[in-house]
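Biologist: Can you walk me through this one? I'd like to start with the side chains.

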Amino acid sequence: MNPGDRVRVERGDTTNEGVVLPSSTSDHIVLKLDGGYNIGIDRETASVDLLETDVHDIDDEGEPDDGTVSEIEFGDDRPTISLISTGGTIASTVDYRTGAVTAQFTAEDVLRAVPELAGRANYRGRVVANILSENMDPSIWQELATAVYDEIEAGADGVVVMHGTDTMQYSAAALSFMLDTPVPIVFTGSQRSADRPSSDNVMNAVSAVEAAKSDCAEVLLCMHASASDDRCALHRGTRVRKNHTSRRDAFETVGNKPLATIEYATARDDGADGDAADDAFDFNREYAARGETDLALADDLDPAVELVKFTPGMDPAAWDYLDDADGVIIEGTGLGHIHTDLIGRVEELVDDGTVVAMTSQCLEGRVCDRVYDTGRDLLDAGIVEAGDTLPGTAKVKLMWALANVGDPSEAMGRSLAGELTEESQPWQ
């Protein structure tokens with residue numbers, strides 16, 4: 001049994017099949033399962049049957065040796081996809097001095113790290129930032145939106161933005177408001193760094209490129225749809241939320257199915273020669289089609305917007321810092337409530353010209369401050385209902401609305417980029 005062989009391992013009542021990977025110790029077998037995960041098994045407790053030899057060639061470094069070169073091939077019959085890097089785990093590796101994951105690859109390095117991208121498109125690489133996503137801020141959103149605009153104006157048939165997963169939903173929402181696009185803009189990332197055998201970077205990157213070649217001309221987020229390496233999900237940039245810290249299928253469309261799913265095996269095979277992998281996509285709803293919208297950029301933002309969360313027992317003084325804010329998003333309880341002692345604080349902010357909008361801490365459903373007395377008092381104080389807009393999306397939306405529309409309070413109550421679903425009123 002050697003690295004690269006396929007084996008069956010039995011331990012008591014448990015049976016696993018997979019490909020043997022190099023191990024740092026002779027006491028353990030490292031096995032890559034079909035679902036993409038790796039497990040370590042104590043050799044003394046295991047019975048191993050060799051199923052197939054040399055399923056994968058493994059070189060002395062422990063990496064597949066398939067003869068792939070790093071050259072980026074170009075062809076006249078292929079679409080042009082712009083790869084824009086902001087950093088994050090999909091463009092990261094482990095710093096073995098500290099054990100920490102660091103963002104250090106350029107967009108061109110990603111092409112070398114993911115040879116499966118070769119032949120799918122002609123690529124242009126561009127680095128906007130090289131940061132971990134917790135360091136993202138509105139000024140970088142503006143740089144990113146301008147870079148995407150420039151790439152599309154220069155003829156890109158689609159754009160893939162490589163981004164850290166922790167704040168990717170905020171950046172996707174920001175570009176959803178800042179850009180009207182005739183081509184797909186697809187955010188993607190990786191929950192696990194490229195040098196980990198369980199990394200999701202290859203599948204996410206390939207699926208994102210295929211999404212960027214598709215007919216769906218929206219701002220999208222593409223990540224694993226399940227814990228296995230079978231499907232990716234396409235989420236609208238204004239309706240997606242990261243709901244798990246570490247799972248590969250961490251992202252979900254709140255309140256609905258994702259806009260689409262991508263069958264990875266079909267996308268990988270059908271799009272390998274630059275063709276559109278249409279059969280890989282299963283759309284759940286209508287979408288904006290390629291070429292229907294004229295390219296436009298509105299990248300002004302008002303960064304003086306705060307998102308605050310109400311919790312029982314909080315000190316009202318915790319909101320004192322909001323005096324200089326141009327906008328405030330409140331994460332209220334349930335239908336959109338806060339302690340009655342804070343209603344006067346809201347009224348003060350509104351009287352001073354601050355736009356204050358209410359969202360809910362609940363993962364699903366919409367705010368409605370017309371049901372209980374507290375809500376009615378909040379409406380009298382000047383609060384704006386943001387419907388079922390996600391709190392993080394609402395913050396980004398208000399930053400954009402304050403800088404770009406004449407009545408930002410009115411704009412918070414209607415959908416601008418698919419962030420707010422229509423209210424169901426069956427009695428009307």
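Modeller: What follows goes through cysteines, salt bridges, aromatic rings and nonpolar cores. Keep in mind that this is a predicted model.

Biologist: Cysteines, then. How many disulfides does the count come to?

Modeller: The count comes to 0 disulfides. Take Cys-232, which is in no disulfide. The nearest cysteine sulfur belongs to Cys-222, and it is 4.2 Å away. A disulfide needs the two sulfurs within 2.5 Å.

Biologist: Is Cys-232 buried or exposed?

Modeller: Cys-232 counts as buried, because its relative accessibility is 0%. Cys-362 has 41% relative accessibility, so Cys-362 counts as partly exposed.

Biologist: New topic. How many salt bridges are there?

Modeller: The count is 18 salt bridges. Side chains of opposite charge can pair when their charged atoms come close.

Biologist: Give me one. What does Glu-17 meet in a salt bridge?

Modeller: Glu-17 meets Arg-8 there, with 3.1 Å from N to O. Glu-17 is partly exposed at 30% relative accessibility. Arg-8 is partly exposed too, with a relative accessible area of 26%.

Biologist: And which residue does Arg-126 form a salt bridge with?

Modeller: Its partner is Asp-150. The closest N and O atoms of Arg-126 and Asp-150 are 3.7 Å apart. Arg-126 sits in strand β9, residues 122–131, while Asp-150 sits in helix α2, residues 138–153. The two residues are 24 apart in sequence, so their pair ties together a strand and a helix.

Biologist: How accessible are Arg-126 and Asp-150?

Modeller: Arg-126 is at 29% relative accessibility, so Arg-126 counts as partly exposed. Asp-150 has a relative accessible area of 30% and is also partly exposed.

Biologist: What about Lys-397? Which residue does Lys-397 form a salt bridge with?

Modeller: That would be Glu-419, with the closest N and O atoms 2.7 Å apart. Lys-397 is in helix α8, residues 391–404. Glu-419 is in the segment after α9 (408–411).

Biologist: Is Lys-397 buried or exposed?

Modeller: Lys-397 counts as buried, because its relative accessibility is 0%. Glu-419 is buried as well, with a relative accessible area of 0%.

Biologist: Which residues do salt bridges with shared partners join into one network?

Modeller: That network holds Arg-124, Arg-126, Asp-150 and Glu-151.

Biologist: Now the rings. How many aromatic pairs does a search of the whole structure find?

Modeller: The search finds 3 aromatic pairs. One of them is Phe-281 with Phe-283. Their ring centres are 5.9 Å apart. Their planes are at 10 degrees, so the pair is stacked.

Biologist: On to the inside. Why would nonpolar side chains be buried together?

Modeller: In soluble globular proteins, they tend to be. Here the largest nonpolar core has 43 residues. The members that touch the most others are Trp-141, Leu-144, Val-148, Leu-175, Ile-185 and Phe-187.

Biologist: Which elements give two or more residues to this core?

Modeller: Among them are β9, α2, α3 (168–178), β12 (185–188) and α8. Domain 2 (80–297) and domain 3 (305–413) both give residues to the core, so it lies between them.

Biologist: Zoom in on Leu-175. What is Leu-175 in contact with?

Modeller: Leave aside neighbours within four places in sequence. Then Leu-175 is in contact with Trp-141, Leu-144, Ala-145, Val-148, Ile-185, Phe-187 and Val-219. Another core, of 29 residues, lies apart from the largest one. Its members include Met-162, Val-206, Ala-211 and Tyr-264.

Biologist: Last one. Where is Gly-344?

Modeller: Gly-344 is in helix α6, residues 343–351. Gly-344 is partly exposed, with a relative accessible area of 34%. Gly-344 and Ala-381 are 37 residues apart in sequence, and their C-alpha atoms are 7.5 Å apart in space.

Note on methods
Residues numbered from 1 in each chain as written. Predicted model: local features only at pLDDT ≥ 70, side-chain atom pairs only at ≥ 80, totals over all residues. Heavy atoms only, no water. Buried < 20%, exposed > 50% of the residue type's maximum accessible area, 1.4 Å probe, protein only. Salt bridge = Lys/Arg side-chain N within 4 Å of Asp/Glu carboxyl O. Helix = DSSP H or I, 4+ residues; strand = E, 2+ residues; numbered from the N terminus. Phe/Tyr/Trp six-rings, centres within 6.5 Å; stacked < 30°, edge-to-face > 60°. Core = buried A, V, L, I, M, F, W, Y, C linked by side-chain atoms within 4.5 Å. Domains from an automatic or database assignment. Contact = heavy atoms within 4.5 Å.
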